[in-house]
Amino acid sequence: MRKIILIAGHSRSGSTLLDRLLGEMDGFVTVGELRCLWIRGLHEDQLCGCGTAFKSCGHWRDIVADLPAAETRESWVSRVLRLQRLVEKSKAIPLLLNPSLRPREFSDQLDEYKRELRSLVSGIFEKTGARVIVDSSKKPTYALIMKELFGDDVHVVHLVRDSRAVAFSRLRTRLRPEIHWMKKHMAIGNPLRTGVEWRLANSVLTAMHDAGRCTQLRYEDLVERPRATIAGLVADVFAVNPSAVQVPHIYAGAAELSMAHSVAGNPMRFATGRIPITLDDEWKKNLSRMRRNVVTLLTRKQLKQYNFI
Ligand SMILES: [Zn+2]
């Protein structure tokens, strides 16, 4: 039985941590943020999680080499990127939620994009022999598309983190090691914008959850009880008892992680060995009162809904 676990949510919600913890399970393979394969991997040649430039990584070269393409590699990449921009943009949310509203042109573009995703996912299953692919692409519109494409074979996990913690995290400057040809930092977001984006991303995923199309998980609960949370999630995917799920790589407050060929994600995707799992709640001390109030005001309804306030 082949399954995909897709982690969806706003950026800086702990998706790379969840991805890595799941990816260590027996028979699982993590691909990181799969939707970034065309832009960050094939177009920009950023670093794979193994530390090699993407186009030189044998793992991905094998998978991509077997994908059917009627055109040259460059025009294939450009075509998929164009489709991705058209069907994954925020303005497409109503169309993705309501197929009856879709104009013919949009349906055709979506079908074309879905064919590319299906082909890529099949290639990963074939080449890796894994029974579960862990994809931490995050983007809600991508989650809607993957659910429409794979139905019950994709298990979408809506990962949510306190909006104030996300806003604080987006104010930090962090180097992006995957951009190996120059020094580049992760984008900084102002708290007002982060609040608006967090609200939109989580609204779409809550609508999916309310329609019975995904499960919900709080980052804070994952960090507090990583072993039980991962066992529970895997048990949910395979409809078995959590006590039957072996999680030998997670200990109290830490996990043992091996190298993963991830396309994109937080810099912790490069970490291997014993990795501490601790709650990052520096925002409670260091996020200014004004910024905290702005984000709380913008996201109050959902903060209550997810039991953060
Ligand atoms: Zn690699």
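First, the ground rules. This is a predicted model, where local features need pLDDT of at least 70 and side-chain atom pairs count only at pLDDT 80 or more, while totals for chains, interfaces and linings use all residues. Residues are numbered from 1 along each chain as its sequence is written.

Overall picture. The protein chain has 13 helices and eight strands. Helices (H or I, at least four residues) and strands (E, at least two) are DSSP runs, numbered from the N terminus. Along the principal axes, the C-alpha atoms fill a box of roughly 55 × 45 × 45 Å. A compact globule of 309 residues would have a radius of gyration near 19 Å, and the protein chain agrees, with 19 Å. That radius is taken over C-alpha atoms, and the globule rule is 2.2 Å times the number of residues to the power 0.38.

How much of the chain is buried? Of the 309 residues, 41% are buried. A residue is buried if 20 or more other C-beta atoms lie within 10 Å of its own, exposed if 12 or fewer, and partly exposed in between, with C-beta atoms placed from the backbone. Now contacts between residues at least 6 apart in sequence: 75% of them join residues at least 24 apart. Contact means that the two C-beta atoms, placed from the backbone, lie within 7 Å.

On to the five-stranded sheet. It is open, the order is β2-β3-β1-β4-β5, and the pairing is parallel. Two strands pair if DSSP finds at least two bridges between them. β2 (28–32) and β5 stand at the edges, each with a single partner strand, so one side of each is left without a neighbour in the sheet. The twist averages 25 degrees from one strand to the next.

Look at β4. All seven of the seven residues in this strand, residues 154–160, are buried, so β4 is largely enclosed by the rest of the structure. V154, V156, H158 and V160 point one way, while H155, V157 and L159 point the other way. Which strands pair with β4? Strand β1 (residues 3–8) runs parallel to β4, joined by five bridges. There, I4 stands opposite V154. Strand β5 (residues 215–218) also pairs with β4 in the parallel sense, over four bridges. In that pairing, L159 faces L217, and the bridge partner of V160 is R218.

Next, the three-stranded sheet. This one is open too, with the order β6-β7-β8 and antiparallel pairing. β6 (250–251) and β8 (273–276) are the edge strands, each with a single partner, so one side of each is left without a neighbour in the sheet. Four bridges link strand β7 (residues 254–257) to β8 in the antiparallel sense. L257 stands opposite G273 in β8.

Now the helices. α9 lies across β1, β4 and β5, running at about 135 degrees to β4. Axes are lines fitted to C-alpha atoms, for helices over the stretch in contact, and angles run from 0 to 180 degrees between N-to-C directions.

How do α7 and α9 meet? The axes of α7 (residues 140–150) and α9 (residues 191–210) come within 9 Å and cross at roughly 25 degrees. That makes α7 roughly parallel to α9. The angle classes: under 35 degrees is roughly parallel, over 145 roughly antiparallel, 65 to 115 roughly perpendicular, and the rest oblique. P140, A143 and L144 in α7 meet A201, V204, L205 and M208 in α9. This contact has seven nonpolar residues, no polar and no charged. Here Ala, Val, Leu, Ile, Met, Phe, Trp, Tyr, Cys and Pro count as nonpolar, Asp, Glu, Lys and Arg as charged, and the others, Gly among them, as polar.

α7 also packs on helix α6 (residues 104–128), at an angle of about 75 degrees with the axes 11 Å apart. α6 and α7 are therefore roughly perpendicular to each other. K114, L117 and R118 of α6 make the contact with I145, M146 and L149 of α7. By class, that contact has four nonpolar, no polar and two charged residues.

Last, two loop residues. G189 sits in the loop between α8 (163–169) and α9. G189 is partly exposed, with 18 C-beta neighbours inside 10 Å. Leaving aside neighbours within four places in sequence, G189 is in contact with R170 and T194. P248 is found in the loop between α11 (226–238) and β6. Buried or exposed? P248 is exposed, with 10 other C-beta atoms within 10 Å.
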